[in-house]
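The following exercises are to be worked with the sequence and the 3D structure in view. Each task is followed by a solution in steps.

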Amino acid sequence: MAERVRIRSMMPPGHVRAPAYLRGKTGVIERPLGIFANPEKLAYRLPAEKRPLYRVRFTMAELWGDAAERPADTLDAEIYAHWLEPLED
Amino acid sequence: MPHDHPEHHHEGMSPSGHPYRADDDTALSYWQAMEIAVRELLIEKGETSAEAVQRQIDAMDSRSPANGAAVIARAWADPAFKARLLDNAGDASREMGFDIGPMHLIAVENTPAVHNVIVCTLCSCYPRNLLGLPPDWYKSRAYRSRTVREPRAVLSEFGLDLPDDVTLRVHDSTADMRYIVLPAQPPGTDGWPEDRLAALVTRDSMIGTGLPKAPA
């Protein structure tokens, strides 16, 4: 997994744990969290495959641009691997 | 007299001058009816009992921020425990005897250079096993949306003005982790026993919307 990642800009319906405000945004992997049953399946009692989960850190500048209160403040969120697009440095 | 408002009509008011809360004479919602139906079926079929349901409610109600405060106090008093807490907060809490179930817990440490605050934008994820039920504001759309967009303004409304040289880290509990803030130990409390330290740890200081109390 590349250190820099972009959250995929998908808009699927259903029980999705990647918040819309992070989609299309670029961050860095803060730490891997292990593998967990995919909640997008679990929520519907479907057979849920195990997926790697990561903590991704974004700067407030990346999320909110000029509207950021303090650009260097950060936001961390847990994002499943299938929502992450690895980026070249 | 604080409640003497001669310009107001006091009809429908309590003797102390406050309006009575309206009775909840509304129909059950779809989900309320569903919950009652499923619960009654489970009891009828012998899968559970009313007593077991009540026991579970009692267990949920008995958890309080005092559990989290005990964990924080030990981390302040015992550097080896603090290292274990930051490495795996779930295991460190279990080591103290807290039943935190399968919860995956991450402790995030406040330092002179970094302040942490917890939010769940998607719903109301909260470390209930250690802190009890979340406060109502934690579940409000205002807190959930504003804490990622303008967290410093939100903290300021809680009475916490962060200096500009402190980095703020917001943690959105989006999936399987739960978070607890390890606040900085108040100055002047070195060597205090854990129970005295725990009395300084507030619920909000473990969410990050406040700081521990200063020693009296």
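Y30(B) has a relative accessible area of 57% and is therefore exposed (over 50%; buried is under 20%, partly exposed lies in between, with a 1.4 Å probe and protein chains only). The model is predicted: local features need pLDDT of at least 70, side-chain atom pairs count only at pLDDT 80 or more, and totals for chains, interfaces and linings use all residues. Residues are numbered from 1 along each chain as its sequence is written, chains are lettered from A and ligands numbered from 1 in the order in which they are written, and side-chain values use heavy atoms, without hydrogens and water.

**Exercise 1.** Determine whether W31(B) is buried or exposed.

*Solution.* The relative accessible area of W31(B) is 61%. W31(B) is therefore exposed.

**Exercise 2.** Classify the aromatic pair of W137(B) and F158(B).

*Solution.* Rings of Phe, Tyr and Trp (its six-membered ring) pair if their centres lie within 6.5 Å; planes under 30 degrees apart are stacked, over 60 edge-to-face, the rest tilted. For W137(B) and F158(B), the centres are 4.8 Å apart and the planes form 65°, so the pair is edge-to-face. The two residues are 21 residues apart in chain B. W137(B), at 24% relative accessibility, is partly exposed, and F158(B), at 32%, is partly exposed. Ring pairs join both to Y126(B), Y138(B) and Y143(B) in a cluster.

**Exercise 3.** State which ring R196(B) lies over.

*Solution.* A charge sits over a ring if NZ of Lys or CZ of Arg is within 6 Å of the ring centre and within 35 degrees of the ring normal. R196(B) lies over the face of W192(B), at 3.6 Å from the ring centre.

Methods. Helices (H or I, at least four residues) and strands (E, at least two) are DSSP runs, numbered from the N terminus.
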